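Here's a quick briefing to read with the model open beside you.

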Amino acid sequence: MSAVALSRRRWSPWLIVAGLGALVGWSYHGTRVDMGALLSVEGLRQIGVYVARLFPPDLSAGALRDAAIAAVETFAISLVGSVLAACIAFPLALGATRTILYHGVLYEGQRLGRAPKALRLGVYAASKTVLAVLRTVPEIVWALIFVFVVGLGPFPGVLALGVHTGGVLGKLFGEVLEDVDPRPLEALQSTGASRLRIVLYGILPQAIPQFVSYALYRWEVNIRAAAILGLVGAGGLGQRVYVAISLFLEHQLLTLILAIYVMVTLVDALSAWLRARVL
Amino acid sequence: MARPADRFPASTAKSAFPYLLAVAFALTFALSLRAAQVDPRLLFDAQALGNVARFVRGALPPKLDPEFLGMLARPAAETIQISVMGMVIAVLLGAPLGLLATSSLTWRGILHERVTRRARLMLGAAPYGAARALLSVFRSIPEYVWALMFVRAVGLGPFPGVLAIGVAYGGMLGKVYSEILEAVNPRPLETLHAAGAGKAGVVLYGLLPEALPHVVSYTLYRWECAIRASAILGFVGAGGLGQQIELSMRMFQFDEVLTLLAVLLLLVGTVDFISGRIRARVVR
Amino acid sequence: MYELRDVRKVFDDGSVALDGMSLTVGAGEHVAFIGPSGAGKTTLFRILNLTLRPTSGMLRLNGTDVATLSGADLRRARTSIGTIYQQHNLVGRLRVVHNVLAGNLGRWSTLTALGSLLRPRATDEAARALAQVGIPEKLYARTDELSGGQQQRVAIARVLIQDPDVVLADEPVSSVDPTLAVSIVTLLRDISNESRKTLLMNLHSVELALTYFPRILGIREGRVHFDLSPDKVSPEMLEELYAGHGDERGELAALGEGTNSFGKACRPLPGFDR
C-alpha cells in the first residue's frame, strides 16, 4: 500500500496552481458571475431593500405556533432518520469488514475452504456495493423517490435521511471495525472463544463509542438536511420556507429562518455535549 | 473522613447519568416517531410496492441515447462551475472573517499583553464578536435557504447558486480557519513579536506557514461537499444537474433520473479524486 | 503435554521464523524461553497457543495432532491453553469484570456471553480470581484506568477463570518495572504450582529465567540452542546465545557483577561470580 503510494508520482505544485487557476477562470466564465453588478451601488441597495423587507419577523401567535410545529417536525425527522440510519448501517458495516469475515488475526490459525471463502467474499462485495449506492444518491433525490412511493409528509423525509445516512455511516462504521486494536482479539481467541463472541467482547466494545460519536456527528448534518427535504414535499421547516418565499411572506420567512437557526444551534450544542460524555 | 466505601469510587459508585440519558432518549425518540408520522406499513402496502415496481421498471435501462447525453453536458459543467466559484467566494468571505474571529490575533494572548484593556476590547473583542456572530449566521442557515433568497435577489440561473454556496460555506470555512489558527503553537509567534514584527508580519511568517496545510486541506474537503450541494441547489432553480433531476423526476422519466445520478456520481468521484490527490500532496 | 518435531514457520513474505524446532514439555513442567529478539520465541508461542498454524512439522498437544485443527475442534483445543501477552491484550473500554469473565468465552454460549455483558454473571467467581491476583477492589473499574501492572494481573485473572491445562506467558513483564516483574513472575509460578498447570514463559530477562525456572530453553534463529537446568547454563553459553545482539549482552555483563536491574531481590547468580 505505502509502496504504491510512494511509487506514484506526486503532482507538481505549479501544475496544481495552474490547473486550479484554469478551473476558476472556466467557472467564472460559465456561471456568469457578475460581482460588479452585485457590489455596485444599485446592487447593494437592492440587497439592502430585500433584507429590510424581512424585518421585523412575524411574531404573532399563529406564525410562532406554525414555526414551532414545523421545527418539531424537522427535529423529529432528523432524529428518527439518524437512528434508522444507524440501524441500516450496523449490519451492513459488519458485512463490509474483512477482519470479521475472512482476513486478519482471527483467520491466521486455520484456512477457510474454497466455498466458504467465496461466500464471504461475496457478502463483503455485496455490502460494500449496497453502501456505496445508498450514500452516493443525495438525500434529496431519495426524498423525491420516497415521496413517490409513500406519498407526501415527514415519513418519506425520515426514510430518505435514513437510507442516505445509512450508507455514509455504514462506510464509517466499517472503517472503525477494521481499525480496532487486534491484540485483545488475539487474546480472546486464545481462550477458545468463537468469532461471534470475539466480536461481542473484543471488537464491539472498542468500536461502539466511535459509532455513537459518528452517529451524533451525522445527526448534526441531518438536522440541516431535514430542513431541506421539505422542498420536495417531505415535511418540516423546508416546506414552510418554500411556501413563505413563493407567497412573498417575508416576515414569516424571517421567523422560519430564525427557527432553523435555533434548531441547528441547539442540535449542534446537544451533540457536542453528548460526544464529550461518550468519548 | 472518607468512609471505606468511598475509597474505591470506581467499584461502588454507579452514576445515574446513563439511565437518565437512556430514558430521555427513549422519550424523545417515541415523541419523534409520532411527530414524523412514521408508519412502516405505508412502505409495504400494495400501492407503495406498486410504485416501487413502477420506479424500477421505469429506471431500467437508464436512458443513454446520444441526444439526451449531449443535453447533460451543459448542466454537468455548470454543477462543477458553481461549486468552484462558490468556493472562491467562500474563501474570500471566510478568510478575513476567520482571521478576525481568531482570539489570539484580535484580543487575547501574548500579542496583546501590552495593549490597554480598553483598546483591546474596543479594537479587538468587538470585531471578534461581530465576526463570530456573522459566521454563525452564515453557516447555520442552510445553503438552499440562501439560494432561495438569492434567486429572489438576482434572478434564476447559476449565479444565486454560487452566492448561496459562497455565503454558507464561507461561514463554515471562517469558523474552521479560526480554529486552526488558534491551535497554532504560540511560541514562534512570541519570538517574532519580540523581534518587533507587526501583526501582518506575525500572520505571514508565524501563523500561515504552520496553518496553511490544514487550511488548504480543509478547503479542498469542503469543495468535495460543495459539488454535492451544487447539484442539490438546482432544486430551487439555481442551475446545474439538480434542476434536471427534479424535472425528470416530476415527469416520471425514471430512466433519465438513473442516468443523471450516474453522471452526478462520476462528477463527485472525479472531484473527490482530484481533491484527494492535492490534499495528499499538501499534508505529508 | 506438548510435543514438537521439526516445526517450521515461514511467513508470507518469505521470512523464516522457526527453522526446524523440536522440543517436548511434560505436564506440570515450568519452562522459561530465552534468546535474542527476533529468535522466533513469540512466533513459537503463537503456534503453541494455536493462533498460527505451522508451515510444516508435527505439533501434538496431549498426544493429539493439533497442527491442522479447525472450526469447533480448534476452539475446544484452545480452551485448554491460557495465554498472557506482553500488554494490550485487554479491552480498555470494558470494565475489569468483563475482561476477567471473558475467560469463560470458550464455554459460554453466545447468548450467555451477550447477557453477561449487560448484567455480569458469575461475579463472585471473577471477584475470587481478582483476589487471587491481589486486586479485589478493581472488579468494576474501567480497565484502561488501571496501571500496566494491574492490567497484567487482570490478564492473569482471566486465565484463572479460563482454568487451562497450560499457561503460556509471552514476555509478560517486559513493560512493567523490575520489582513488579518479580512479583508477577512469582505470582504466575505459584498459581501454576497450586493447580498443577504447565507454565511456559518467554522472558526478556535472563536473570528472572535463571532464578525462577527449573528448565531453560535458549532459542536462536528459530531453533533450540540449548535445553538445560539453570545451574548448567554458563556465561559462555549465554554469550553465544546472544552473539551479535550488543545491547542485550550489556545486561549479561551486569549479571556477573551481581549488580543488576532487580536490586536486592536477586542474589548473584550461580556461575556468574567470577
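What follows is a short tour, grouped by topic.

Keep in mind that this is a predicted model. Chain A is built from 13 helices and zero strands, and chain C is assigned domain 1 (1–80 + 165–274) and domain 2 (92–163). The largest nonpolar core has 223 residues, with A143(A), L229(A), I260(A), A147(B), A164(B) and V100(C) touching the most other members.

**Chain A on its own**

- Go along the sequence of chain A and you read α-α-α-α-α-α-α-α-α-α-α-α-α, with 13 helices and zero strands in the tally.
- Chain A has a radius of gyration of 25 Å, well over the 19 Å that the globule rule gives for 279 residues, so chain A is more spread out than a compact globule.
- Taken along the principal axes, the box filled by the C-alpha atoms of chain A is roughly 75 × 55 × 40 Å.
- Of the 279 residues in chain A, 46% are buried.
- If you take the contacts in chain A between residues at least 6 apart in sequence, 76% of them join residues at least 24 apart.

**Where chain A meets chain B**

- This contact takes 51 residues from chain A and 48 residues from chain B.

**Where chain A meets chain C**

- Here the contact takes 23 residues from chain A and 30 residues from chain C.
- On the chain A side, α10 (182–189) and α11 (195–229) each supply at least two residues.
- The largest share of that side, eight residues, comes from α11(A).
- Sorted by class, the side of chain A that touches chain C has nine nonpolar, nine polar and five charged residues.

- Setting aside neighbours within four places in sequence, L229(A) is in contact with E139(A), I140(A), A143(A), G157(A), A160(A), A234(A), G236(A) and G238(A).

**The two domains of chain C**

- Between the domains of chain C, 12 residues of domain 1 are in contact with 10 residues of domain 2.
- The elements giving two or more residues to the domain 1 side are α2 (71–79) and α7 (178–194) of chain C.
- The largest share of the domain 1 side, five residues, comes from α7(C).
- That side divides into eight nonpolar, two polar and two charged residues.

**Strand β7 of chain C**

- Five of the five residues of β7 (residues 166–170) of chain C are buried, so this strand is largely enclosed by the rest of the structure.
- V166(C), L168(C) and D170(C) point one way from β7(C), while V167(C) and A169(C) point the other way.
- Strand β6 (residues 81–84) of chain C runs parallel to β7(C), joined by four bridges, and G82(C) stands opposite V167(C).
- Strand β8 (residues 198–202) of chain C also pairs with β7(C) in the parallel sense, over five bridges, and there A169(C) stands opposite M201(C).

Terms used. Residues numbered from 1 in each chain as written. Chains lettered and ligands numbered in written order. Predicted model: local features only at pLDDT ≥ 70, side-chain atom pairs only at ≥ 80, totals over all residues. Core = buried A, V, L, I, M, F, W, Y, C linked by C-beta atoms within 7 Å. Buried ≥ 20, exposed ≤ 12 C-beta atoms within 10 Å, placed from the backbone. Contact = placed C-beta atoms within 7 Å. Nonpolar A, V, L, I, M, F, W, Y, C, P; charged D, E, K, R; others polar. Domains from an automatic or database assignment. Rg over C-alpha atoms; globule rule 2.2 N^0.38 Å. Pairing = 2+ DSSP bridges.
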